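I opened this structure to go through its helices, sheets and ligand surroundings one at a time. My notes are below.

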Amino acid sequence: MRYHKPTSFTDASAIAAAAPGTLRFLAGGTDVLVQMRAGMVQPDDLIDLKHIPDVGEIRQTADGGWRIGIAVPGVVLGAHEGLKRDWPGVVEGMNLVGSTQVQGRATLAGNLCNGSPAADSVPGMIAAGARVEVTGPKGSREIAVEQIPAGPGKTNLTKGELISAILLPPRGKNGGDAYLRFIPRTEMDIAVVGCAVNLRLDVDKIIEARVALGAVAPTVILSEAAARAIIGTTLDASALQALTSAAEAGAKPISDKRGTAEFRTEVVGVLARRAAKIAYDRAKGQGK
Ligand SMILES: Cc1cc2nc3c(=O)[nH]c(=O)nc-3n(C[C@H](O)[C@H](O)[C@H](O)COP(=O)(O)OP(=O)(O)OC[C@H]3O[C@@H](n4cnc5c(N)ncnc54)[C@H](O)[C@@H]3O)c2cc1C
């Protein structure tokens with residue numbers, strides 16, 4: 001195995017573009033090193049991204065959004081007051097990943113590019129309208145987070161491309177977001193179902209919403225029907241019922257040892273309802 005430690009994204013991309021065999025990037029390593037030790041993957045080239053300047057930085061952008069470096073671990077996100085204030089749902093998704101030890105290394109980009117439909121930080125990023133900066137052989141481009149996953153263990157990144165930053169939009173006024181997951185125990189398990197809701201209010205009425213459903217399809221789903229169910233409402237009982245039905249209808253889960261398709265479908269409705277209530281309270285400045 002060839003181990004590389006480039007000092008720029010352009011160099012990382014060039015190495016990746018020229019790599020003839022199995023390639024992995026190394027961010028926190030909490031997926032890739034575990035997979036290597038388990039014999040699930042044996043990269044011919046392993047490109048360590050942590051030697052590129054500023055990959056550990058979190059910066060507020062001129063428009064009031066956030067630029068998060070691709071090696072920022074969960075523990076640093078969880079201690080960042082500005083991000084917790086603006087995007088608590090994104091931070092709580094990432095902070096559900098693994099344990100304190102895992103949090104010390106695990107990154108948003110690694111969680112996204114590992115390609116798990118149950119990845120805990122991905123619904124929150126999608127609901128937030130987050131984008132990623134992708135650097136490749138033809139330069140850099142920005143794309144929406146929901147366009148990255150292609151199916152379990154797969155992304156839509158092409159040869160030589162990698163994520164060079166995570167971009168969160170400006171929070172703006174009267175907004176709130178939240179992420180909830182169901183696991184059969186309290187810690188250290190993979191989401192059986194996850195759901196993130198992000199919304200904005202005009203006084204009491206929801207004027208914008210995005211709802212993302214995790215672990216109920218081959219990729220995390222952005223459910224426009226679920227968002228439509230609550231836009232224009234005050235999240236009253238009938239809006240919550242419409243949201244529940246839309247989330248259930250959008251779910252296309254499998255049955256496996258973690259839960260049946262019927263169970264997942266029911267739980268996604270429950271989580272959508274609960275996450276929407278938390279996001280609504282946060283938008284009113286009443287949530288934690
Ligand atoms: C004990 C344990 C518990 C866990 N619990 C959870 C959990 O509760 N929820 C959950 O969602 N996950 C969980 N995970 C999985 C893992 O911790 C997360 O997916 C983590 O966010 C991966 O980030 P990383 O930086 O460690 O990725 P890495 O292992 O460094 O990389 C993961 C993948 O992403 C690719 N990659 C990394 N960075 C980039 C980039 N910038 N551009 C393109 N590709 C890139 C790599 O090639 C690799 O395929 C757990 C893992 C362990 C070991």
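This is a predicted model: local features need pLDDT of at least 70, side-chain atom pairs count only at pLDDT 80 or more; totals for chains, interfaces and linings use all residues.

The entries follow the elements I looked up, one topic after another.

**Helix H1.** I began with helix H1, residues 9–18, and asked which of its residues are buried. They are Phe9, Ala12, Ser13 and Ala16. Looking down the axis of H1, I find these buried residues within an arc of 95 degrees, so they line one face of the helix. I then looked up what they pack against: strand S2 (23–26), strand S3 (45–48), strand S6 (131–136) and strand S10 (162–168).

**The sheet of S1, S3 and S2.** Next I traced the strands that H1 lies across, which are S1, S2 and S3. The helix runs at about 170 degrees to S3. The three strands make an open sheet in the order S1-S3-S2, and the pairing is parallel. From one strand to the next, the twist averages 20 degrees. I counted three bridges between S1 and S3, in the parallel sense. For a reference point I noted Tyr3, which stands opposite Leu46 in S3.

**Strand S6 and its partners.** S6 is mostly covered, with five of its six residues buried. I looked at both of the pairings listed here. Strand S7, residues 139–144, is joined to S6 by six bridges, and the two run antiparallel. S6 and S7 form a hairpin, with two residues between them. Gly136 has Gly139 as its bridge partner in S7, and Val132 stands opposite Ile143 in S7. The pairing of S6 with S10 is also antiparallel, with five bridges. There I noted Val134, whose bridge partner in S10 is Ile163.

I then checked S7 itself: is it covered or in the open? The number of buried residues among its six is zero, so S7 lies largely in the open.

I moved on to an open sheet of four strands, ordered S11-S12-S13-S14, with antiparallel pairing. Strand S11 (175–182) and strand S14 (221–222) are at the edges, each with a single partner strand, so one side of each has no neighbour in the sheet. Between S11 and strand S12 (residues 193–202) I found eight bridges, with the strands running antiparallel. One of the pairs is Arg181 with its bridge partner Gly194 in S12. Helix H5, residues 88–95, packs on this sheet and touches S11 and S12. The direction of H5 makes about 20 degrees with that of S11.

**Helix H5.** I looked up how many of the residues of H5 are buried. The count is eight of eight, and the helix is mostly covered. The buried residues include Glu92 and Asn95, and Pro88, Gly89, Val90, Val91, Gly93 and Met94 are also on the list.

**Around the ligand.** I found 30 residues surrounding the ligand. The closest are Gly28, Gly98, Gly110, Asn111 and Cys113. The elements that give two or more residues to this shell are S2, helix H2 (32–37), helix H7 (108–113) and S10. Which element gives the most? H7 does, with four residues. Sorted by class, the shell has 18 nonpolar, eight polar and four charged residues.

**Two residues with positive phi.** Asp54 has a positive phi of about 70 degrees. I placed Asp54 in the loop between S3 and strand S4 (58–60). It has 13 C-beta neighbours inside 10 Å and therefore counts as partly exposed. Asn174 has a positive phi of about 55 degrees and sits in the loop between S10 and S11. With 16 C-beta neighbours inside 10 Å, Asn174 counts as partly exposed.

Technical notes: Residues are numbered from 1 along each chain as its sequence is written. A residue is buried if 20 or more other C-beta atoms lie within 10 Å of its own, exposed if 12 or fewer, and partly exposed in between; C-beta atoms are placed from the backbone. The arc is that of the directions from the helix axis to the C-beta atoms. Two residues are in contact if their C-beta atoms, placed from the backbone, lie within 7 Å. A residue is near a molecule or strand if its C-beta atom, placed from the backbone, lies within 6 Å of it. Ala, Val, Leu, Ile, Met, Phe, Trp, Tyr, Cys and Pro count as nonpolar, Asp, Glu, Lys and Arg as charged, and the others, Gly among them, as polar. Two strands pair if DSSP finds at least two bridges between them. Axes are lines fitted to C-alpha atoms, for helices over the stretch in contact, and angles run from 0 to 180 degrees between N-to-C directions.
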